[in-house]
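Reader: Hi! Could you walk me through this one while I have it open?
Author: Happy to, just ask away.

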Amino acid sequence: MKNFRVTQQEIVLVVFVALFAICSVFLNGFLTTDNILTLLQNVAVLGILGLAMAIVVIGRGIDISLIAALAVPPGLVLQLVQYGYTLPFAISLGLGIAIIFGLVNGWLIAYAEVPSLFATLATGIFFAGLGQAFLFELEVVQWSEGMNGFEWLGQGSLLGVPMPIVMFGIACLAVAFLLRRTRVGAYIYAIGDNLAASRVTGIPVRPIVVLQYVLAALIGCFAGLVLASSVNSMPTRIYSSTLIYDVILVVVLGGIGLSGGKGGVINVILGTLLIGTMLNSMTIMDLPYAAQNLFKGIVLLIAVIADTLLNPRNEETAQQGDI
Amino acid sequence: MLISKFIRYGLVAVGMTAVASTAALADKGLDEPFQAAFRAAMKDKTVAYVPVAMGFDLGEGWWAGLKNELEPLGIKMELRDPNWNTSAGAQAVTSLISQHPDVMVIHNPDVQTYARLLKRAEEAGIFVIQINMGSAYQSTGFVGANWIEIGEKEAEAVVAHCKGKSNKIAIVQGALSAAASAYTLKGVENVLAKHPEIQVVSSQAADWDAAKAKAITQTVLKQHPDLCGIVGFWDGMDIGTAAAVKEAGLTDQVFVATSGGGERKGACDQVKSGAFDLNLSYNVPNQAAQMAGMIKWLLSSDLKAGSVKGMAYTTLIPITKENADLAMTCWNLSDMKK
C-alpha cells in the first residue's frame, strides 16, 4: 500500500459503483431508465446547490447561507408575481437580491476578513429573517397564474430527460467551464491552495473571493427557481431544514476537501449520485425513516473512515484553518 | 247577552291596556339583565396566543379570527411566535405564566413538551385552550381536528376509489415526531384493518416538505405505475405529491386525499385544478370562532381554570370538485386580515 494512494474521489466511486450494482441486482425495478431518471431528478436541485458550494469550498471557504439564497430570492419572485408584477420584473429583482446577498457575504469575508463559516452562518439567518419578516405573506409562497409558462424550468422533459436533470447538466457544464477554462477559475484554485502566495503573485484575491460568493448565491437562486417550478410553490421554510448539511455532504463526500484548492465538478456529480442512489433505493425498499438515517450515517462513516485510513493526515496535508 | 257584553267590554279594556303598555315600553328602554356584567367581564382581559409559528395559513388564520372576534370587546391580544422552535415556545409559555394573562391559546408542537407547563398555567388560574394539536394534559378547552377521523375518512375515500382497481396505495406521512401525523396514521390503519385486499406499497415520512413528498411519490409511481390512491397528511406538503402524480400523467387514475386548513389557494384551488381529489378541511375561521366563543363564555362565567374540561372537535368539511367553487367552502387569508 505504500506507493498506492487512493483518493477520496476513488473511494466514493467504488462505494457508489458497489451500491449501484447491489441495488441493480437485488432491487426489482431499480435498474430501469425511468427509475434512474427519477433518481437523478430527485437529487438535481441538491446537485446544483453542490456546484455552488463547490466553487466556494475550492476557494477555501464555505457558504452556510446558501439555503437562504435558494429560498429568499425565488420566494420573492413568486410573491411579486402573486401581487401582480410582471414575471421579468420579478425575476430581475430576485436575481438582484441574490447578487446583493453574495456581495454582502463576499465583502464580509474578503474585506472585513470574517471567517467564512461565521460570516455566512450569520448572514444566512439574516437573509432568511429578512424574507420571513418583510417579503413573504406566508412561508409557502404559492404558484400563481402569472407564473404560468415558467414551470418548464422544473417540469416536463427535454428528449425524455426531465428538466431538473437538464438544468443540473447545464449548471455542471457552466461551472466546469468556469473552473477549468477561465482565468477566474484558475485564480479560485490558486486562492484555495495558498491565499498568501496567490496575493504575492498578483492575483486580485479580494475581488475573486467576492465573486465566488456572488456566483454561489446566483447558482443557489437558480436552484431555488428549479425547485419552485418543480413543486409549484416555494416552501421558504426549507431554510430551517437540514438541507445545508446534505449540500456539504455532497461536496465533501465527492472528494472536494474542505481545505480548498482540490476537486471539481466531477466530484460534485459523484457525491450527488451516491446520495441519490441511497435515497432512491431506500424509498423503493420502503425503509422506515429512522432506518434510512441509520443507513445513511453508516455509509458516510465508512467513506470517511476509509479516507482517514488510506490517506492519514500528516504535517503536510493538515493545514491550519481546516474545518 | 249580559255575559257577552261583559266579555266584549273586557276585551276592549284589555286591548287598551296593551296599547298603553306598549307605549310605555317604547317610551323607556328595558335593561337586558346580563350584558353589562358581560361587557365588564371582557374589558381589559388579556388573551395570549402561542402557535408553533406564524407565517402559514393555520397560525395566521387563527390569530386573525381571534382578533376580529375579541378585540372589539376590549380584550387585549398578545402574540408569541416561536417560529417552529419548540424550546422557544416552551420559554414563551413559561414567561406567559408569570405575566398571567386571563386565557392562553396554545398550539402544541407535540404531545409532551408543553404538557406540564399547561397544567401549571391552569393551577395559576389561567384558562388554557388548546388548538388543533392537543398535549397529554387535558386543559379547560380543546378546539381542533380529530386526526384519527381524518385518517379514517381519507383512507375510506381512497379505498372506495380503488375498488376494482389495483388496490395498491401509498401513504405520505408528515414528520414522525408530530402526533398529528401519528394519529392520522392510526386512523388510516383502522380502515386498512377492515380491508385486507388493500396493499400499502409505500408508507414514508416526507417531513411536511413538498419537495420530499414529490421525490418519494415519483419513485413510488415509477415502481407501481398502477397505483390507485395516495393518502397524504397535509395539503401544504401534498402539493408536491400531486405534482408528481401530474407529471406522471396519472391524475385520473391516482386518487389523492389530503387534509388542511381550507385556505383557498392551498385547498379549493388545488381541488379545482385536479391536484387533490379530496381535501378534508378543518376550516380555520370556524375554529377561531369556536375558540372565541369558548373564551367569551369562560370569561363571563364564574368558573375557575381547570375546574371544567371539555373538547370541541372540529366538524370536517370534505372539499371535492362538487363544492370547491362555493364561496363558503374555503376562506381567504387576505380577507380575514382586513
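Reader: What share of the 338 residues of chain B count as buried?
Author: In this predicted model, 50% of the residues of chain B count as buried.

Reader: And how many helices and strands does chain B have?
Author: Chain B has twelve helices and twelve strands.

Reader: Nice. What about contacts in chain B between residues at least 6 apart in sequence, what percentage join residues at least 24 apart?
Author: For those contacts in chain B, the figure is 74%.

Reader: Which domain does UniProt list for chain B?
Author: An unreviewed UniProt entry lists "domain: Periplasmic binding protein" for residues 57-296 of chain B. That span is 48% helix and 18% strand, and its end C-alpha atoms lie 24 Å apart.

Reader: Switching to the interface: how many residues of chain A are in contact with chain B?
Author: There are 25 residues of chain A in contact with 27 residues of chain B.

Reader: Which elements of chain A give two or more residues to that side?
Author: They are helices H2 (33-58), H9 (205-231) and H11 (265-284) of chain A, along with strands E1 (140-142) and E4 (233-235) of chain A. H2(A) provides the largest share, with five residues.

Reader: And how do the residues on that side of chain A divide into nonpolar, polar and charged?
Author: On the side of chain A that touches chain B, seven are nonpolar, 15 are polar and three are charged.

Reader: What confidence does the predictor give the complex, as ipTM and pTM?
Author: The complex gets an ipTM of 0.70 and a pTM of 0.78. For chain B, the mean pLDDT is 89, and 92% of its residues reach 70 or more.

Reader: Does Phe134(A) count as buried or exposed?
Author: Exposed, because Phe134(A) has 8 C-beta neighbours inside 10 Å, and the cut-off for exposed is 12 or fewer.

Reader: How far apart are the C-alpha atoms of Phe134(A) and Gly50(A)?
Author: They are separated by 28 Å, with Phe134(A) and Gly50(A) 84 residues apart along the chain.

Technical notes: Residues are numbered from 1 along each chain as its sequence is written. Chains are lettered from A and ligands numbered from 1 in the order in which they are written. This is a predicted model: local features need pLDDT of at least 70, side-chain atom pairs count only at pLDDT 80 or more; totals for chains, interfaces and linings use all residues. Helices (H or I, at least four residues) and strands (E, at least two) are DSSP runs, numbered from the N terminus. A residue is buried if 20 or more other C-beta atoms lie within 10 Å of its own, exposed if 12 or fewer, and partly exposed in between; C-beta atoms are placed from the backbone. Two residues are in contact if their C-beta atoms, placed from the backbone, lie within 7 Å. UniProt positions are given in the numbering used here, feature names are shortened, and annotations may be inferred rather than shown by experiment. Ala, Val, Leu, Ile, Met, Phe, Trp, Tyr, Cys and Pro count as nonpolar, Asp, Glu, Lys and Arg as charged, and the others, Gly among them, as polar. pLDDT is the predictor's confidence in each residue, from 0 to 100.
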